[in-house]
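Here are my notes on the model below. They cover confidence first, then salt bridges.

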Amino acid sequence: MNGIILAFLLVLGLASGSFSGPGVPPAVAGGGVPPAARTVSELSHGRVDAADLERIVRRAEQMAPLNSLLIAQGGELLVEEYFRGMRADRAVNVKSVSKTLLSPLIGIAIRDGLIEGADQPISELLPDYFEGSRGADLDPRKREITLHHLLSMTAGIETTSFRNYGAWVSSRDWAWDALRRPMECSPGRCWEYSTGNTHLLSVILTEASGKSTRQYAREVFFGKLGIPVHEWDRDPQGRYLGGNNMAMRPRDLLKFGQLFLEGGKYEGEQVVPWEWILASWQPNGESPWNGHRYGYLWWTENWGGEQAYFAWGYGGQYVVLVPRLELVAVVTSSLANRRRRHTRDLRNFFDDVVVRTFSEAARGD
């Protein structure tokens, strides 16, 4: 299933009941198959020409500390450029892009029956934290928190990110420290970005699979795509950090994005259920500090007149998908020389330069 079909299905709201939950769009009655989708070449009067690609590359080159730019359309690699000493074989810390890399693992675990569904309460998946004296001290509303709430950042628990991040990673048990924090609202009633939420997802995967998140990810996802697992932080219990400090090569980030555009298929195998991809892109909340909408660990925004879905990490790490154009763009940036305006500049770069250029080419402007 190509990216155009995915975009068509997303508009219809098709999804399988096996991924049922508050944030999953309902299935269309009677199912049905959409009409054959047009390819990018059929949508376009012409592809982006060499001069426009060169203009994009030169703009990227000027945007220190950006150090890599990869662009593919229709599965064809059009741009692969590295700047400021970056190399193709170098894995870099992709920061919170790590959150989005967790999303397919949850979908696979649900498909394979390790987890019941997005509406399963986390108290059933992490019983050691909800039983005994520790559980007795928890706000009763925390028993209402489901996987859906963790995935969509609507759990309602005080964030462990930003001002609280240092204290959180200094604690003896990151999962417990995230759970014990005060409730800012009832689950589903407010949106609060928190790496504690995604670390709980990693702990849930470890408990459900009986394997470390790293081993599980290698067996069911990364290994199938031929993506090596590089450096990855762990908590004091040795559990892999969910949502931060994974190291990836830009080429592997591009492969990850391309898999989502291909409906979760890689070399003929359905690695990620396409229903989960649709659920991941369905907005469930909106950030109060940037206005971007948020699905299941994916951000979404209108850039260049097109609906874009993206993974975003601190300091300028991005994987951007535009399904209608079958477009994937990846950038990484040095964390050593971060500029305060770099994130804003990158958003403008995707909006006004990358996506708009490809969108205008598709329209024949």
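1. Confidence. The protein has a mean pLDDT of 89, and 87% of its residues reach 70 or more. pLDDT is the predictor's confidence in each residue, from 0 to 100. Over residues 1-18 the value is below 50, and this stretch has 56 contacts beyond near neighbours in sequence. A contact means heavy atoms within 4.5 Å. Residues 20-45 also stay under 50, with 49 contacts beyond four places in sequence.

2. Ground rules. This is a predicted model, where local features need pLDDT of at least 70, side-chain atom pairs count only at 80 or more, and totals for chains, interfaces and linings use all residues. Numbering runs from 1 along each chain as its sequence is written, and side-chain values use heavy atoms, leaving out hydrogens and water.

3. Salt bridges. The whole structure holds 20 of them. The criterion is a side-chain nitrogen of Lys or Arg within 4 Å of a carboxyl oxygen of Asp or Glu.

4. Asp89 and Arg87. Their side chains meet in a salt bridge at 3.1 Å, N to O. Asp89 is exposed at 53% relative accessible area; Arg87 is partly exposed at 48%. Buried means under 20%, exposed over 50%, partly exposed in between (1.4 Å probe, protein chains only).

5. Arg180 and Asp177. The closest N and O atoms of this salt bridge are 2.8 Å apart. The two residues lie three apart in helix α10 (residues 174-180), so about one helical turn separates them. Helices are DSSP runs (H or I, at least four residues), numbered from the N terminus. Asp177 is buried at 6%, whereas Arg180 is partly exposed at 43%.

6. Lys211 and Glu219. This salt bridge spans 2.5 Å, N to O. Lys211 is partly exposed at 27%, and Glu219 is partly exposed at 37%. Elsewhere, shared partners join Glu158, Asp177, Arg180 and Arg181 into one salt-bridge network.
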